[in-house]
Amino acid sequence: MSPSDPAASSRPRFELPPGTGPDEPVFAEPWQAQAFALVVALHQRGLFSWSEWAAELSKQIARPGAAQDGSDYYQHWLSALEVLLSEKGVAGPDRIDAVSASWQRAAHATPHGQPILLENDPERR
Amino acid sequence: MTDNHHYHDHDHHHDNELDPFAARVKALETILTEKGLIDPAAIDAIVETYEHKVGPRNGARVVAKAWAEPDFAEWLARDATAAIASLGYTGRQGEHMQAVFNTPDTHNLVVCTLCSCYPWTVLGVPPVWYKAPPYRSQAVINPRGVLAEFGLKLPEDTRIRVWDSTAELRYMVVPMRPVETEGLSEDELARLVTRDSMIGTGLPLRPGSLGPGALWPPEADPGAGI
């Protein structure tokens, strides 16, 4: 069914991670769930086909240095989304970097326990 | 990821910190909302759906119905996409489903060697190990070894068939109905069907192993699909 991969024999064998069970949480952190939902929503809106998405995600996952335990899966997911947004002319890396930095400044400027709002970024506007 | 961002800069110990990935996702939400490409409320609804409503219970209902009704099993074998949709579980990605049935001679195992294609509509979001490189490579090369890691030892003469999912075609395993389940209702049967038994890395539970409240709360509404 799949071509055999000569490099695979040198890979570590599969070991079931501890704590695995039917009730394990599907997302380790809230941002992972949000990144997941963004892709589902943008696909529904027709920004990209699911095959396009799977092809880009596969590319990101196949890059060297992927964690063997799959813990960086949603980082690849996010990278794949950023690539597609850039390709589709929605937002390039510079714009995403800038808004991301703005969110981090806003978080800094927001007292603990209060909702973080982008308006709290002191450098904004 | 959670432990690598203790900046402790200046005197801002009580300020909020955003994980770099969390900040990037927020940035994307901001940009996409400004451009009118997403509605934040819809994003929240999708998260809620996948975290709490869609899960292996959908698939368990499909399997239980196939165990209980030979006509449905036949339909599921012939056209899984339609048979599953008849229960209200339809894919958002326009993917086709194929149900692969375990028999006394053949055990089926599902993987996605490329990335993480998975039958979300019936099984929810895939577990971490399904997306990890060792499973994706070893399930094809050494399926028996992988199954042993899950504590599943099959007879030597049982054939193991590995199915490689794609973006267009997703597989789910229909395990064999456990013995001593005559007279159980479809709901009771569904409670025996585990997520792993529908990926092929496990078998259904035996009726005796079902304690009160085992598996998942039966009162929780699995939702009407997605």
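**Where two chains meet**

Between chain A and chain B about 6,200 Å² is buried, with carbon and sulfur atoms giving 66% of that area; buried area here is the accessible area (1.4 Å probe) that two parts lose on being put together, summed over both. Please keep in mind that this is a predicted model, in which local features need pLDDT of at least 70 and side-chain atom pairs count only at pLDDT 80 or more, while totals for chains, interfaces and linings use all residues. Residues are numbered from 1 along each chain as its sequence is written, chains are lettered from A and ligands numbered from 1 in the order in which they are written, and side-chain values use heavy atoms, with hydrogens and water left out.

To the contact (heavy atoms within 4.5 Å), chain A brings 71 residues and chain B brings 65 residues. There are 3 salt bridges between chain A and chain B, a salt bridge being a side-chain nitrogen of Lys or Arg within 4 Å of a carboxyl oxygen of Asp or Glu. One of them joins the side chains of A:Arg95 and B:Glu34, at 2.9 Å from N to O.

Now to the cysteines: how many disulfides does a search of the whole structure find? Over all chains the search finds 0 disulfides, where a disulfide means a pair of cysteine sulfur atoms within 2.5 Å. The sulfur of B:Cys112 has its closest cysteine sulfur in B:Cys117, but at 3.9 Å that is too far for a bond. B:Cys112 is buried, at 0% relative accessible area, and B:Cys117 is buried too, at 7%, where buried means under 20% relative accessible area, exposed over 50% and partly exposed in between (1.4 Å probe, protein chains only).
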